[in-house]
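Here is a friendly walk through one structure, from its core to its helix packing and a few individual residues. Please keep the view open as you read.

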Amino acid sequence: MFASRYKKIGAKIVFYRKLKSMTQEKLAEEVGITPQYLSRIENGGYTKSVSLSTLMKIAEKLGITMSELMDGVEESI
């Protein structure tokens, strides 16, 4: 149900990470997660939901707000 939303969030993380010229390894280290976990988040390939605190840390390290990260993620019904 939320798979396409997860993919949109992941794509936004990739976009902002690349905009800041950060590697997955660097962002993962700064957030306190493994590069493999960040990769799954970016690809929308995780089986469980990502915690709000993890998303907040990612947004903070990317220099964006949660609103910017979530903008356009909602699917129309």
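A crossing is called left-handed if the near helix is turned anticlockwise from the far one by less than a right angle, and right-handed if it is turned clockwise. Keep that in mind for the helix pairs below. Please note too that this is a predicted model.

## How α2 meets α4

With the definition in hand, look at α2 and α4: α2 passes α4 in a right-handed crossing. The side of α2 is represented in this contact by Leu27, Glu30 and Val31, and that of α4 by Thr54, Lys57, Ile58, Lys61 and Leu62.

The axes of these two helices come within 9 Å and cross at roughly 120°. Angles from 65 to 115 degrees count as roughly perpendicular and those over 145 as roughly antiparallel, and α2 and α4 are therefore oblique to each other.

## How α2 meets α3

Now turn to the pairing of α2 with α3. Here the axes are 8 Å apart, and the packing angle is about 105°. That makes α2 roughly perpendicular to α3.

The residues that meet are Gln24, Glu25, Leu27 and Ala28 from α2, and Pro35, Leu38, Ser39 and Glu42 from α3.

## The nonpolar core

How many residues does the largest nonpolar core have? It has 19 residues, and those with the most contacts inside it are Ile13, Leu27, Leu38, Ile41, Ile58, Leu62 and Leu69. At least two residues of this core come from each of α1 (3–19), α2 (24–31), α3 (35–43) and α4 (52–62). The helix that gives the most is α4, with four residues.

Setting aside neighbours within four places in sequence, Leu27 is in contact with Ile13, Arg17, Met22, Leu38, Ile58, Lys61 and Leu62. Leu27 also takes part in the α2 contact with α4 and is among the α2 residues that meet α3.

Not counting residues up to four places away in sequence, Glu42 touches Gly10, Ala11, Ile13, Val14, Arg17 and Gln24. Between Glu42 and Ile9 there are 7.3 Å in space, C-alpha to C-alpha, although the two are 33 residues apart in sequence.

Val14 and Asn43 are 29 residues apart along the chain, and their C-alpha atoms are separated by 8.9 Å.

The structure holds one aromatic pair. Phe15 and Tyr16 form this pair, which is edge-to-face, at 5.1 Å centre to centre and with 80° between the planes. Tyr16 has a relative accessibility of 18%, so Tyr16 counts as buried.

## Ser21, in the loop between α1 and α2

Where does Ser21 lie? Ser21 is in the loop between α1 and α2. Its phi is near 55°, a positive value in a residue other than glycine. At 66% relative accessibility, Ser21 counts as exposed, because the cut-off for exposed is over 50%.

Conventions. Residues are numbered from 1 along each chain as its sequence is written. This is a predicted model: local features need pLDDT of at least 70, side-chain atom pairs count only at pLDDT 80 or more; totals for chains, interfaces and linings use all residues. Side-chain values use heavy atoms; hydrogens and water are left out. A nonpolar core is a set of buried Ala, Val, Leu, Ile, Met, Phe, Trp, Tyr and Cys residues joined through side-chain atoms within 4.5 Å. Buried means under 20% relative accessible area, exposed over 50%, partly exposed in between (1.4 Å probe, protein chains only). Contact means heavy atoms within 4.5 Å. Rings of Phe, Tyr and Trp (its six-membered ring) pair if their centres lie within 6.5 Å; planes under 30 degrees apart count as stacked, over 60 as edge-to-face and the rest as tilted. Axes are lines fitted to C-alpha atoms, for helices over the stretch in contact, and angles run from 0 to 180 degrees between N-to-C directions. Angles under 35 degrees count as roughly parallel, over 145 as roughly antiparallel, 65 to 115 as roughly perpendicular and the rest as oblique.
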